[in-house]
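Here are my notes for your review. Please read them with the coordinates open.

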2 protein chains.
Amino acid sequence: MLDALFTPQTIAIIGASRRPGAFGHRLLAHIVAGGFAGTVVPVNPNADELLGQRCYHRIAQFAGRIDLALIALPAAQCREAVREAMEAGARAVIILSVGFKEAGESGAEMEAQIAEMCRLRDVRLLGPNCLGVINTDHSLFAFDAESCPEPGGISMISQSSSLCTLFLERLAGARLGLAKMVSVGNKADLSEIELLRALALDPQTKVIIAYLESINAGDAFVKAAEYASVRKPVIMLKAATTLSGRKAVAAHSGEMIGQDSAYGVAFRRSGVIRAESMGALFDLALSFSLQPLPQGDRVLVLTNAGGPGIMAVDAIERAGLTVSYLGARTSGLLRAELPAAATIYDPVDLLGDAGPERYRAALLAAMSDANVDAVVVIAAKRGSGELLADIAQEIVSCNHGAKPLSVCVLGGDTQAARDRLLYGGVPAFDSPEGAVAVLKAMVDYVAWRNRPPRVVTRFKVNRRRVERIISRRLRTGRLHIAEVKAKDILKAYDFQVPPGHLATTVEEAVEHADAIGYPVAMKIVSPEVVHKSDVGGIRLNISNRQGVRDGFDLMMLRIDQRLPEAWVDGIYVEKMLDRGQEVILGMHRDPHFGPMLMFGLGGIYVEVMKDVAFNLAPITFDEAMTMLTSTKSYQILVGARGEGGIDMAAIARCLQKISQLATDFPQIAEIEINPLLVCEAGIEPVVVDSKINLRAG
Amino acid sequence: MLDALFTPQTIAIIGASRRPGAFGHRLLAHIVAGGFAGTVVPVNPNADELLGQRCYHRIAQFAGRIDLALIALPAAQCREAVREAMEAGARAVIILSVGFKEAGESGAEMEAQIAEMCRLRDVRLLGPNCLGVINTDHSLFAFDAESCPEPGGISMISQSSSLCTLFLERLAGARLGLAKMVSVGNKADLSEIELLRALALDPQTKVIIAYLESINAGDAFVKAAEYASVRKPVIMLKAATTLSGRKAVAAHSGEMIGQDSAYGVAFRRSGVIRAESMGALFDLALSFSLQPLPQGDRVLVLTNAGGPGIMAVDAIERAGLTVSYLGARTSGLLRAELPAAATIYDPVDLLGDAGPERYRAALLAAMSDANVDAVVVIAAKRGSGELLADIAQEIVSCNHGAKPLSVCVLGGDTQAARDRLLYGGVPAFDSPEGAVAVLKAMVDYVAWRNRPPRVVTRFKVNRRRVERIISRRLRTGRLHIAEVKAKDILKAYDFQVPPGHLATTVEEAVEHADAIGYPVAMKIVSPEVVHKSDVGGIRLNISNRQGVRDGFDLMMLRIDQRLPEAWVDGIYVEKMLDRGQEVILGMHRDPHFGPMLMFGLGGIYVEVMKDVAFNLAPITFDEAMTMLTSTKSYQILVGARGEGGIDMAAIARCLQKISQLATDFPQIAEIEINPLLVCEAGIEPVVVDSKINLRAG
């Protein structure tokens, strides 16, 4: 799909410049120097030859067909250039120029026009305001940067130009190979979504890393990221996590979740490995591209320095990994090869005067020991730099590729040792914590890869009924759906609601109450009343006919006094339930990722303790259960209702039903069920109160 | 006090060796090469001259008086060497040899004997199993390491030999100056406590850094650390935080707090700046020693790369600092000096082609702007390494020392730029997050320095009464003090307890109940009964005489049936209280830091939500209030009891009283008041139930 971008046969450089140092000159120079094997078509109205290539005054002069056009012209000239490129057959265009959306409104307009033009002709557009593309496998270096790493297995997508450049330097410095680099710029057309899918299928790409500031379409992102993550590790650094103001929404769900935590949910769901900093992004790229994935979470520490060894053990425990010990046989064998003062347990301390042979003995023991899934090696400079480099060499020779190694090199003047490790395929880090952090990410990724298959249950529901209610509301612009109608919707989606009926006269109210059985609750139904209790519009625990009559009259009187203009649909007479254990279920449509489900225990646990769990719809039963169990207050639910206990599965099913409702109706902005009365096994939870908000338009 | 250690006039090296590479040879060589101006007395039975120094066969041959003796002999010979050194007048001894406590029991015994010998003669002992001491101001390099930094303001205390070495290298690499380095080894005598006090008063030491695995005496540590922190920044890395098993204790307080969090409380209390890793320890040392402290928490970001600038802003917000903006005047001035495409807000983006002059303009604006307390500068390599180095030089020239600068240098091949910054007194970091983290620590330290003066209230209590109860219990070995006696103790410490009396007969019980007024509670009092309800030993809400009679007889019958051998003191008849809002107060004696106070809301908030706050006794009123407000569930307390609200100050006073009780009686291991019934303003909280445990011996 992105062939024209990644493997073009003919490239036009529109705006190729004669002036060394100019953008359009550098770009051409990079392509030529990169050894591109296809045809290069520089376009410049004032040049006949550039860097040994024939130069065209206009692209139309070139007789053949263009695959990819690079445009390095002032912003105002780009549109025309894109048009000409398309006429010359270009199926992909990269605009490297600045002056578009990032520069203000008129730039944004130009950008939108060009994007639309490309879309109509099915031409893919990268940029504008980007550095270009690299595909080492195709000797394609259409990129504005000085250096390029060797071909290799890491591919990068970046929304920041500076991060592209910084990463190219770091990769080259570590002799790590690059597959593809895509600088996405303003993302007028191509974004992380298409690129994740393309790189997922790219045979050269072993690991995908990405730096993103924004995510275009959250739900498509989650799907694309998951598609890629099942095939290879996807490591992302998401910046601008605290900058953007948080959308103010009415329901709890929206208040509770930060922007950042929505990304967190999306990343967890799609298996994306999250880097918290540039350093971490690089460290993770290093380990995932050089080392095998671990089979389990048991990590052995080998060290020649006590303090750093202890810090590694601390870090392993803090990360929730398991500190592992050598088994009896291997520790016996190793003991024989180490001096008496060395310790074999907790961690393996080879002592300050350890040379390569002790490291070798310990590493071979670790590699052959079934108790060990991964190894952290501390190599601190205790003697000369040469000794350290020799140790590094020995570690490399023990790197058999069956279990991940993570080495922490400490001390000044350790470059030689680091280089030997990196060039030998062993990642080297600056700190014990850094060496452990990558293993933690690997263990988590393996767990995600091994997760059970996702099966989203479809409940039998009355979708038509909900469709009718919602479209009527949208037609009349009444976006807030209050309790009674919200319960209608939920009932259609297989929720239990208390029996109830709307009454427009006193007699009707009494009839309904008699039919339902006492005690009953009475609630005013009016589009103008949002908080019923503020206008005396709610009465509970009415135990007889006289109460119903008094309630009806009083309620009508009060609303006449307080909101004389209000339209009143009637009064809802509803079965009064015994209160018991309550929970809150919610959904708000995250601006980026779509329907975000929420679970929490009622009242204080949500309001004060902020003890809530989130996940993206649609969810499976397992995921719904995990939402329940991941709250701290889950224990309270377990303890409630004595021996039989609350029917947790029933709550999970309710979450699944909200998930289905939110997925079926993108018009719904927010759902809140507060509270849902939960019961012992066999009895369905009941919706005590609820509200739903629709999205305009 | 430690003059003989830090500024000796005469040093003996016992175990000085002729063999190059040997420990005792290196040590002598370092001292000689270090330019020590005093007298050096090498001792070796087989040498007459060593490295140009006269060598003594035995120390007794030296006619003068020794100040400091360094011992580098096999462990078994050290005791005799120490004896001889003391006879030669040594007032301080450093044992560098290994083979002591760290090697097993017999080593530990030797170590204890030597320490005792030193203590009796008032001779200070450093080590054993250490690398020695450096005092650059005295040209004293009695240390087993290859390199030594220039004289400067950083002093280090380290329990890990490898960390000493690693730090010496890093300091030298960054051209940071060292004042003193003390390798404490096994800490047989001298520990962080004496050294913190000494370094606090040392005029050469501007910043103290420490690496500790264990802390000898927590309460003395807190005092010493606070003593030092008020004088200069004390930065500590505490390792082995997860290794040590957690002490199993009965009360909530002990279960709730992890070992690590006890250190956290102690560090916060004493103003210690906590480093989470070796890298952070060094980074913090860098900033605190090179840069001024900020006046506030408003941080401006200057950058030449968008992505990293955004990451810096993210980090500032995550750290709880304030992202600052230039004021109208300075931003106007700066605007005139930057190209149109540069942004002045959020963060200040100087663009990828920024040279030194743009950095200068922005830095001068930031330095002169009253809205800015500290500046994070991002210098990413966008062009050549030389340009970056020039930028670095310009940053150095703008480093006026009034506001802290924190620079993040990004890109490959940036050593020249880093060196210029460091040599120019500006700290350079690898990541935006790292540059922000040091500023956060500085802001926190300033806040600690500016904390209000600590005034610990002394309540008027009946200390004699508690003394009598406790000493009687200790004599009879009854360490668990159950409800009734525990309430006696608390009453003596000015707590409100419900009125109540012990009854040994039915008639007495009725009399007491009549006197107290109904309803009453009845509780069995027996040293053998720990859980009263298990044996039917508690009855609540008894509303009349007949109830008291029935209760008494039934309780006696039940205990006869279930615990026929149990000694019964009688039955406690107590006023029954209306239940209301309840909290838990606790104290457990942390094995390291002493009396640790706990506060939490009752029941679920402590048990399930683990929402508790800790602090070390003695506490001030402000500290007690902070314990209350730092729990999440504090809001629940605020909301309780309607408008007047709970009397928070009264709860804080109760915490202070527990603090006083725990401080007055080191024999008390644990106190738990669960629940304390709290009331509206003007009504004292009441102890509903309590237990106290004593420490044996």
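This is a predicted model: local features need pLDDT of at least 70, side-chain atom pairs count only at pLDDT 80 or more; totals for chains, interfaces and linings use all residues.

1. Side-chain atom pairs count only at pLDDT 80 or more. Totals for chains and interfaces use all residues.

2. Interface. Chain B gives 46 residues to the contact and chain A gives 45. Of the interface residues of chain B, 98% are also interface residues in chain A, so the copies meet through the same surface.

3. Who supplies the chain B side? Four helices of chain B each supply at least two residues to the side that touches chain A: H5 (161-173), H10 (278-290), H11 (306-318) and H23 (634-639). H11(B) gives the most, with nine residues. By class, that side of chain B has 19 nonpolar, 16 polar and eleven charged residues.

4. H11(B) against H16(B). The crossing is right-handed. From H11(B), the contact uses Pro308(B), Met311(B), Ala312(B), Ala315(B) and Ile316(B). From H16(B), it uses Pro432(B), Glu433(B), Ala435(B) and Val436(B). Eight of these contact residues are nonpolar, none is polar and one is charged.

5. Domains. Chain A is divided into five domains: domain 1 (1-129), domain 2 (145-291), domain 3 (292-441), domain 4 (499-576) and domain 5 (582-694). How far apart are the C-alpha centres of domain 3 and domain 4 of chain A? They lie 73 Å apart.

6. H22(A) against H24(A). Helix H22 (621-629) and helix H24 (648-664) of chain A pack at about 115°, with axes 9 Å apart. Angles of 65 to 115 degrees count as roughly perpendicular. H22(A) and H24(A) are therefore roughly perpendicular to each other. H22(A) passes H24(A) in a right-handed crossing. On the H22(A) side the contact is made by Phe621(A), Ala624(A), Met625(A), Met627(A) and Leu628(A). H24(A) answers with Met648(A), Ile651(A), Ala652(A), Leu655(A) and Gln656(A). Nine of the contact residues are nonpolar, one is polar and none is charged.

7. Cis peptide bond in chain A. Ala617(A) and Pro618(A) are joined by a cis peptide bond, with omega about 0°. Where does Pro618(A) lie? Pro618(A) is in the loop between strand E28 (612-616) and H22 of chain A. Please inspect this loop together with the helix pair of point 7.

8. Cis peptide bond in chain B. Asn674(B) and Pro675(B) are also joined by a cis peptide bond, and omega is again about 0°. Pro675(B) sits in strand E29 (residues 668-677) of chain B.

9. Positive phi. Asn129(A) has phi near 65°, a positive value in a residue other than glycine. Asn129(A) is found in the loop between strand E7 (124-126) and strand E8 (132-135) of chain A.

How values were computed: Residues are numbered from 1 along each chain as its sequence is written. Chains are lettered from A and ligands numbered from 1 in the order in which they are written. Axes are lines fitted to C-alpha atoms, for helices over the stretch in contact, and angles run from 0 to 180 degrees between N-to-C directions. Angles under 35 degrees count as roughly parallel, over 145 as roughly antiparallel, 65 to 115 as roughly perpendicular and the rest as oblique. A crossing is left-handed if the near helix is turned anticlockwise from the far one by less than a right angle, and right-handed if clockwise. Two residues are in contact if their C-beta atoms, placed from the backbone, lie within 7 Å. Ala, Val, Leu, Ile, Met, Phe, Trp, Tyr, Cys and Pro count as nonpolar, Asp, Glu, Lys and Arg as charged, and the others, Gly among them, as polar. Domain bounds come from an automatic or database domain assignment.
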